[in-house]
Amino acid sequence: MSALRLVLAGIVVLVAVDRASAQDAQVTATARGLELRTEAYRAEFTNQGLEFSPANTNELFSFRLHRIEAGGTALVGASNRSQEPESIDGGAVRYSLTPETTEIYEPRPNGIEQLFRFAQPLPAGADLRIIGRFTSKHRPIRARGAGAAFATEDGIAVTTYGEPTLIDSNGRAISGRLEL
């Protein structure tokens with residue numbers, strides 16, 4: 001089994017960020033889907049995707065998955081996103097996109113880790129592409145280090161989206177690339 005990990009992390013400086021952990025994550029049902037809350041952030045999961053907001057702000061960031069491809073072949077299409085999110089252990093939220101592909105969001109102290117699990121091996125040598133759309137009132141820029149940041153007009157990062165890492169079936173980490 002392999003997983004592609006993409007990290008969405010709030011970087012708003014709050015004392016609560018240091019104290020937040022998976023243990024304090026609370027998942028509740030809403031009219032639109034599921035809501036995950038910690039002291040550091042709020043995330044809502046609907047059949048359309050993720051909406052993320054750092055605590056004590058009116059900032060809103062959304063991610064919508066469009067498709068997943070391997071070697072140009074679609075593994076998951078937009079129609080698979082109609083799945084309703086499910087709450088699983090430890091405050092995590094799961095979407096069963098296909099019988100072979102699962103999207104999982106796990107709470108972390110300062111944000112959410114996004115994982116994709118593939119039950120079947122991916123085609124050897126094929127590029128894996130996860131295509132989605134971020135929505136924010138802030139502009140995306142290259143983050144210091146890696147990934148993307150959503151920044152104010154003054155260039156201050158409000159939240160970041162980290163570079164992907166592929167974990168192969170042997171547990172080896174392979175660095176990926178986030179394209180803006």
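**Close-up views of a predicted model**

**Figure 1. Overview of the protein chain.** The model is predicted: local features need pLDDT of at least 70, side-chain atom pairs count only at pLDDT 80 or more, and totals for chains, interfaces and linings use all residues. Numbering starts from 1 along each chain as its sequence is written, and side-chain values use heavy atoms, with hydrogens and water left out. The chain has 1 helix and 17 strands (DSSP runs numbered from the N terminus: helices H or I of at least four residues, strands E of at least two). Among contacts (heavy atoms within 4.5 Å) with a separation of 6 or more, 48% join residues 24 or more positions apart.

**Figure 2. The largest nonpolar core, with 26 residues.** Such a core is a set of buried Ala, Val, Leu, Ile, Met, Phe, Trp, Tyr and Cys residues joined through side-chain atoms within 4.5 Å. Phe-45 and Ile-112 touch the most other members. Two or more residues each come from β3 (33-37), β4 (41-46), β5 (49-54), β6 (61-70), β9 (93-96), β11 (111-118), β14 (148-151) and β15 (157-161). Strand β6 gives the largest share, 4 residues. Leaving aside residues up to four places away in sequence, Phe-45 touches Arg-32, Gly-33, Leu-34, Leu-36, Leu-50, Pro-85, Val-93, Tyr-95, Tyr-105 and Ile-112. In soluble globular proteins, nonpolar side chains tend to be buried together.

**Figure 3. Salt bridge between Arg-32 and Glu-44.** A salt bridge places a side-chain nitrogen of Lys or Arg within 4 Å of a carboxyl oxygen of Asp or Glu, and the count by this rule is 11. For Arg-32 and Glu-44, the N to O distance is 3.3 Å. Because Arg-32 lies in the loop between β2 (26-29) and β3 while Glu-44 lies in strand β4, the pair ties together parts 12 residues apart in sequence. Arg-32 is partly exposed, at 42% relative accessible area, whereas Glu-44 is buried, at 8%.

Figure 4. The closest N and O atoms of Arg-42 and Glu-35 are 3.4 Å apart in a salt bridge, and both residues are buried. Glu-59 pairs with Lys-137 in another salt bridge, at 3.9 Å between the closest N and O atoms. Glu-59 belongs to the loop between β5 and β6 and Lys-137 to the loop between β12 (128-135) and β13 (139-142), so this pair ties together parts 78 residues apart in sequence. Glu-59 is buried, with a relative accessible area of 13%, but Lys-137 is exposed, at 62%. Salt bridges with shared partners join Arg-32, Glu-35, Arg-37, Arg-42, Glu-44, Glu-51 and Arg-64 into one network.

**Figure 5. Loop residues Thr-38 and Ala-55.** Thr-38 is located in the loop between β3 and β4 and is buried, at 13% relative accessibility. Its side chain reaches the backbone nitrogen of Ala-40 at 3.0 Å. Ala-55, in the loop between β5 and β6, is buried with a relative accessible area of 14%. The C-alpha atoms of Ala-55 and Glu-39 are separated by 6.6 Å, although these residues are 16 residues apart along the chain.

Technical notes:
Buried means under 20% relative accessible area, exposed over 50%, partly exposed in between (1.4 Å probe, protein chains only). A polar contact is a pair of N or O atoms within 3.5 Å; within protein, one must be able to donate a hydrogen and the other to accept it, and residues adjacent in sequence count only if both atoms are side-chain atoms.
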